[in-house]
Amino acid sequence: MKIKSLKFQNHPLFGNLSLNFCDPSGKPYDFIVLAGENGTGKTQLLEIIFGFSKLQNNFAIAYTEFVLGEFEIDEFQKSEIIKNKLNKTNTDLFYNYMISDKIIFSLKPHEGFGYSVFIPKEYLNNAYNSDLMFNTPELLQSFFYSPVDSNFSIGLVAGITSKILDKKEVNETRQGSSIGQEMNQLFVDISNQDFSDLGRWVDNNDGIAPPESIKSQRIKRFRLAFQKILPNKIFVGSHNNNGTFKSMFKFGDHEIPLENLSHGEKQIILRSGFILRNQNAAKGSIILIDEIEMGLHPALQERILEYYADLVKFPDYQNQVIVTTHSPFTVHNQMQNLKVIILKNQDGQVVIDENPTFAKLAPREIVAKAFQVSPLTRPTLITEGKTDVKILITAWSKLFTDQPMPFEIRESGIGENSGTATGTRMAIERISEFIPNFPVVGLLDNDDAGVKEFNGLSEKHGFIASKKVTGLKSHKSSPAHLLVLPVIPLRDQFVNDEQTDCYLTIEHYFSDEILDKNGLKGQKYRITGTKIFSIIDSKKVHFAENVIQHLDTKEFMNFRQLFETIAKILNVQI
């Protein structure tokens with residue numbers, strides 16, 4: 001179900017405001033962003049829209065129009081009253097349903113979108129004053145509302161209960177103040193259910209390794225969703241510590257409980273978890289989220305709309321998402337099928353700003369805030385993490401003694417994605433857009449995450465693959481580039497077209513002897529019959545800060561090829 005329009009009449013704040021949620025062809029947008037200064041009624045609009053789910057209160061709405069999706073139409077057709085009407089000829093295109101001489105709603109076929117439901121003010125104001133209620137499915141229950149909550153406290157879980165996913169009867173369509181406690185308990189319960197299912201399978205299949213399909217069947221839904229927006233925080237489920245259960249996330253080699261995550265991370269996990277726990281019931285629903293950017297770094301504010309769009313599986317689930325925001329990074333999102341409505345207060349009443357200039361920032365200011373770096377002033381290399389910066393600066397000093405580095409090296413540093421391939425790709429994409437005149441190269445590890453981000457930066461972003469340099473993409477109109485770590489002869493097996501995975505990181509440029517001696521040589525990705533191995537993350541910082549400066553120059557010879565490639569791309573001399 002999607003809203004096409006809302007019209008107010010003599011409302012104390014909105015006056016005679018008309019809101020149109022449709023594109024020029026009359027098709028309702030999937031995503032509506034309501035923005036504007038404080039006091040323009042954004043939250044009140046969400047409350048009014050959510051009020052439809054209970055058909056309560058005097059909304060002072062003169063008229064509204066919904067479009068029903070296939071899920072609602074299937075339910076509609078189960079009603080005998082509706083069946084009789086739908087069985088009429090196509091010439092009868094408009095039906096009025098009456099109770100006690102009052103219009104309840106009007107139904108008419110709408111090409112391409114099923115049926116439109118018109119609900120006039122007379123019915124909204126008197127819905128519970130009639131002795132006779134209409135015999136149709138409760139279509140207007142299809143709302144999920146996440147209001148603002150600045151707390152998100154996570155209470156203790158002392159035991160396992162019986163919370164489940166995808167209840168047949170869903171009553172919790174408005175997120176409450178206890179959402180932290182509720183979701184923590186849910187995570188504990190479904191982790192226990194997953195563990196029990198796995199244990200039973202193992203008992204019944206002695207000596208056989210369990211398939212992936214039997215592992216984490218319930219918790220996987222949340223893990224995959226959270227990982228898309230917080231790639232460096234992996235949801236692992238719940239742990240029992242002396243009778244107290246905690247929901248845990250893996251961060252590098254460490255595990256941290258849900259309550260120790262940042263406020264922004266918790267709001268993403270709890271708000272999206274609120275929708276995910278009843279994913280099936282959310283099909284065709286209207287999702288309402290107040291202040292969607294709350295607690296988020298600008299880089300996440302820019303991506304949060306895409307995250308929720310993916311969460312509700314557009315277009316398959318036929319949802320509509322309506323959010324409010326104060327963030328220019330959210331308002332200026334270029335996502336398709338998005339309508340931004342900016343409200344302003346004019347002479348004591350709210351109106352639509354037809355010529356908005358919503359908190360626009362200068363390009364350099366955007367980069368400085370969103371990417372936590374000062375504006376670029378010289379050719380720059382951007383790496384995934386701090387240890388990469390340290391290693392490359394040390395390698396340059398060993399190989400090019402007394403020769404100044406002709407470019408600057410920085411960590412991507414993009415909020416929640418700091419130190420990741422995602423952060424590097426986002427930095428290059430945005431710098432190409434906002435600072436198009438400075439040469440910059442983003443360097444990705446040649447591993448699964450790096451290759452995924454490299455492939456994701458496509459021609460639609462203005463980047464095309466180089467025909468001269470393997471693993472390089474360059475912007476068509478600015479000197480911005482994304483480079484996957486080149487393969488050196490020592491590691492030619494680590495990136496092989498016949499293998500589905502790549503394992504080459506910058507530490508692999510050092511010899512096996514050095515990596516072994518300093519405890520970096522791992523076993524996690526060893527493939528039978530090859531010399532492929534991973535790098536142990538927990539050893540990287542010590543190696544970069546305390547070991548490499550004492551190594552002989554010959555240990556850095558593999559870096560010369562990399563520096564020559566980077567210099568060529570940045571058009572500088574070495």
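How many aromatic pairs does the rule for rings give in this structure? The count comes to 21 aromatic pairs, where rings of Phe, Tyr and Trp (its six-membered ring) pair if their centres lie within 6.5 Å, with planes under 30 degrees apart called stacked, over 60 edge-to-face and the rest tilted. One of them is the tilted pair of F50 and Y145, at 5.4 Å centre to centre with 40 degrees between the planes. This pair links distant parts of the chain: F50 belongs to helix α1 (residues 42-51) and Y145 to strand β8 (residues 143-146), 95 residues apart. Both F50 and Y145 are buried, a word used here for under 20% relative accessible area, against over 50% for exposed and partly exposed in between (1.4 Å probe, protein chains only).

Before going on, a word on the model. It is a predicted one, in which local features need pLDDT of at least 70 and side-chain atom pairs count only at pLDDT 80 or more, while totals for chains, interfaces and linings use all residues. Residues are numbered from 1 along each chain as its sequence is written, and side-chain values use heavy atoms, with hydrogens and water left out. Helices (H or I, at least four residues) and strands (E, at least two) are DSSP runs numbered from the N terminus, and two strands pair if DSSP finds at least two bridges between them.

Let us turn to an open sheet of 3 strands, with the order β9-β10-β11 and antiparallel pairing. Its edge strands are β9 and β11 (254-257), each pairing on one side only. Neighbouring strands here are turned by 40 degrees against each other on average, direction ignored; axes are lines fitted to C-alpha atoms, for helices over the stretch in contact, and angles run from 0 to 180 degrees between N-to-C directions. Strands β9 (residues 234-241) and β10 (residues 244-251) are joined by 7 bridges, and G237 faces M248 across them. The two strands form a hairpin with 2 residues between them, and N242 in the turn has a positive phi of about 55 degrees.

Helix α6 (residues 219-229) lies across β9 and β10, running at about 130 degrees to β9. Aromatic rings gather in this region too: ring pairs link F187, F222, F226, F235 and F249 into a cluster. F226 is buried, with a relative accessible area of 1%, and F235 is buried with a value of 1% as well.

Within it, β16 (residues 380-383) and β18 (residues 440-444) run parallel, joined by 3 bridges, and L381 has V441 as its bridge partner.

Conventions
Contact = heavy atoms within 4.5 Å.
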